[in-house]
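Have a look at it first, then read on.

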Amino acid sequence: METKRLIIGNNNDMHNKAVVEEAAALLSAGEIVAFPTETVYGLGADATNEKAVAKIFAAKGRPQDNPLIAHVATVEQLRGLVDNLPQYVEDLIKAYSPGPLTYILPTNGTCATNVTAGLSTIGVRIPDHPVALAILKACNLPIAAPSANVSGKPSPTAANHVFEDLQGKIAGLVDGGITGVGLESTVISCRADDVVILRPGGITREQIEKIVPVADIVKEDNAKPASPGMKYKHYSPEVPLWLVKGNAAAVQKVVDNEQRKGKKVAVLASRKIYEQVQADQRINLGDTLPEVANRLYDALRTFKKGEIDLILTEVFPESGIGEAIMNRLRKAMTKYIEE
Ligand code: TXA
Ligand code: MG
């Protein structure tokens, strides 16, 4: 299959409208299409069409028991997919949707059963991206969309990442430039009076706690995960990734040790450490945690087997979006070094 690349232009409304309509037409016809959201690129299919949704699992190599998030353009559409909304969810929606927050609620059965992997709940979110919203409005369907990467790899934050992973396996790719947040949405299980954060993400714990109590994070238990996605390997670069807790000197010590063994070492770090460390390759992740979140997946994809033997990154503070950054790094890492 040839993947049609549909490019959103900056100043050409007519062209952009045609791109959105073509993407919506492909989705309505049961094809799968990747498109940008404010978090990462999603790989969309009509969530009411079981055959279309099955194509997502095939293209990504995604385990069948890992449910998908349904994306909608409006609160009315969201209501149309779930049994009922607790008042606090209405308040969260008012505060943070459209935005990087996914609500896990009892499904009313509108979406195909492979969207929810047979669970009684469904994840729904309203993405805060003009292209995603335009496509959702144009096809007027709930769109099931996981991140548009091959399962296990870092999520795509640029159209090229999607192309690298899925070229030839999907009908279309809408190129809308680099995504904003850079990490996926926060996934919350919405219980009667409180929520459980199943996956930290673009909306922080602090933001959610302003509206509803957050219960202690569920311990990751591979036998019975609260969120099926939590048991799989995720976000992994091609080469081993080690986390080093400490300052630039601590990172440099590990670089020197490994280089002495003949390894080529790359360092991914915020600017302060980046500027003080010498290595075979270095990437500056920026000055703030939101910058680190925005650049992280692209940086993890930069290093290829054969060019680099080891990636080192620092341990970031777990406040704000730092909780999501560290969640992804812990899942991606192969070793944690603490002096
Ligand atoms: O930002 C995002 O959320 C991106 C963009 C494309 O919207 N999507 C995304 O989807 O990250 P995905 O499939 O890569 O991750 C969805 C996560 C998985 O960990 C999955 O297990 C969990 O949400 N999930 C989905 N439905 C669920 C449900 N009914 N119960 C528990 N967990 C669920
Ligand atoms: Mg994913």
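## The mixed sheet

Let's start with one bridge: V187 has R199 of β10 as its bridge partner. That belongs to the antiparallel pairing of β9 (residues 186-190) with β10 (residues 195-199), which runs over four bridges. Strands count as paired here if DSSP finds at least two bridges between them, and the elements are DSSP runs numbered from the N terminus, helices being H or I with at least four residues and strands E with at least two.

Zooming out, the open sheet has eleven strands with mixed pairing, in the order β1-β8-β2-β3-β7-β4-β6-β5-β9-β10-β11. At its edges sit β1 (4-7) and β11 (214-215), each pairing on one side only. Helix α1 (residues 13-28) packs on this sheet and touches β1, β2 (33-36), β3 (41-46), β7 (143-144) and β8 (172-175), with its direction at about 145° to that of β1. Helix α6 (residues 159-166) lies across β1, β2, β3 and β8, at about 165° to β8. Contact means heavy atoms within 4.5 Å; axes are lines fitted to C-alpha atoms, for helices over the stretch in contact, and angles run from 0 to 180 degrees between N-to-C directions.

## How the model is read

This is a predicted model, where local features need pLDDT of at least 70 and side-chain atom pairs count only at pLDDT 80 or more, while totals for chains, interfaces and linings use all residues. Residues are numbered from 1 along each chain as its sequence is written, chains are lettered from A and ligands numbered from 1 in the order in which they are written, and side-chain values use heavy atoms, with hydrogens and water left out.

## The parallel sheet

Another open sheet has five strands, all in parallel pairing, ordered β14-β13-β15-β12-β16. β14 (281-284) and β16 (335-338) each have a single partner strand, so one side of each lacks a neighbour in the sheet. From one strand to the next, the twist averages 20°.

Inside it, β13 (residues 265-269) and β15 (residues 310-314) pair in parallel over four bridges, and L268 has T313 of β15 as its bridge partner. Helix α8 (residues 248-260) lies across β12 (241-245), β13, β15 and β16, at about 140° to β12.

## Charges over rings

Which ring does R5 lie over? R5 sits over the face of F163, 4.9 Å from the ring centre. R282 does likewise over Y274, at 4.4 Å from the ring centre. The criterion is NZ of Lys or CZ of Arg within 6 Å of the ring centre and within 35 degrees of the ring normal.
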